[in-house]
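Subject: Structure handover

Hello,

Here is the structure you asked about. Please open it next to this email and follow along.

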Amino acid sequence: MTHPLTPAQEAALVAAIKAAELRTSGEIRLHLEDKCPTPEPLDRAAQVFAELKMHHTKLRNGVLFYLAWQTRQFAVVGDAGINASVPDDFWEEVKETVVGHFRQEQYVTGLERGIRLVGEQLRQLFPYNAATDVNELDDEISYGDDAPYPTPGR
C-alpha cells in the first residue's frame with residue numbers, strides 16, 4: 001500500500017480519535033487502503049469492522065471510518081449499540097460532512113470533523129465513566145493488507 005498520509009497527518013488523526021474518545025466509552029477506528037475490493041464501500045467497511053473485532057466492545061458502541069483513498073470511496077459504520085440510538089439520518093450527516101471536505105481536497109480535515117461529530121454523539125449516548133471505562137480498541141490507524149507501510153522513525 002502506498003501511504004496517503006504524512007506522519008504529521010497520521011498523528012493528527014490519531015489525536016482526533018483520542019480526543020473524541022476522552023468523554024465516551026465509545027470506540028472509534030480509522031481504516032485506510034488503496035482500493036476498495038468490493039463494489040460497495042459500505043460492504044467493505046462491514047468486513048473490516050469484523051476483521052478488527054470492533055463488535056467485541058462491551059456496549060457494542062464502536063464506529064469505523066473506512067477510506068479507500070485511491071478509488072475515493074468512503075463509508076462510516078457503527079455497531080448495534082450506537083445504531084439503535086442515533087437519529088435515522090446521523091450516518092448520512094457524518095458522511096456528507098466528511099465527503100464535503102474531501103471534495104475540497106481537505107481529507108484530514110474531513111476525517112477530523114467526522115470523528116468529532118461521532119465523538120459528540122457517542123459522548124451523549126455512552127458517557128465516559130472513569131470507574132469502568134477502558135480503551136477497548138486500538139486508536140492507531142489500520143491499513144489495508146496489500147503492503148504494510150513502514151512509518152518513518154518507527
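Is the crossing of helix 4 and helix 5 left-handed or right-handed? It is right-handed. Please keep in mind that this is a predicted model.

**Helix 4 and helix 5**

Start with how the two helices lie. Their axes come within 7 Å and cross at roughly 160°. Angles over 145 degrees count as roughly antiparallel, so helix 4 is roughly antiparallel to helix 5.

Now look at who touches whom. Helix 4 brings Phe90, Trp91, Glu93, Val94, Thr97, Val98, His101 and Phe102 to the contact. Helix 5 answers with Tyr107, Thr109, Gly110, Leu111, Arg113, Gly114, Leu117, Val118 and Gln121. Sorted by class, this contact holds 9 nonpolar, 6 polar and 2 charged residues.

**Helix 1 and helix 5**

Helix 5 has another partner here. Helix 1 covers residues 7-21, and its axis comes within 9 Å of the axis of helix 5. The two cross at roughly 10°. Angles under 35 degrees count as roughly parallel, so helix 1 and helix 5 are roughly parallel to each other.

From helix 1, the contact uses Gln9, Ala12, Leu13, Ala16, Ile17 and Ala20. From helix 5, it uses Val108, Leu111, Glu112, Ile115 and Gly119. The classes here are 8 nonpolar, 2 polar and 1 charged. Find Leu111 on your screen: it is listed in the contact with helix 4 and also in the contact with helix 1.

**The largest pocket**

Last, the pocket. The largest one holds about 320 Å³ of space. Its lining has 15 residues. Leu67, Trp69, Arg72, Phe102 and Tyr107 lie nearest its centre. Strand 3 (73-78), helix 4 (90-103) and helix 5 (107-125) each give two or more residues to the lining. By class, the lining has 11 nonpolar, 2 polar and 2 charged residues.

Best wishes

Terms used. Residues are numbered from 1 along each chain as its sequence is written. This is a predicted model: local features need pLDDT of at least 70, side-chain atom pairs count only at pLDDT 80 or more; totals for chains, interfaces and linings use all residues. Side-chain values use heavy atoms; hydrogens and water are left out. On a 1 Å grid over the protein atoms alone, a cavity is a set of points where a 1.4 Å probe fits but cannot get out, and a pocket is an open set with protein on both sides within 12 Å along at least five of seven lines; lining residues have an atom within 4 Å of a point. Grid points are joined across faces, edges and corners, and a volume is the space filled by probe spheres set on the points. Helices (H or I, at least four residues) and strands (E, at least two) are DSSP runs, numbered from the N terminus. Ala, Val, Leu, Ile, Met, Phe, Trp, Tyr, Cys and Pro count as nonpolar, Asp, Glu, Lys and Arg as charged, and the others, Gly among them, as polar. Axes are lines fitted to C-alpha atoms, for helices over the stretch in contact, and angles run from 0 to 180 degrees between N-to-C directions. Angles under 35 degrees count as roughly parallel, over 145 as roughly antiparallel, 65 to 115 as roughly perpendicular and the rest as oblique. A crossing is left-handed if the near helix is turned anticlockwise from the far one by less than a right angle, and right-handed if clockwise. Contact means heavy atoms within 4.5 Å.
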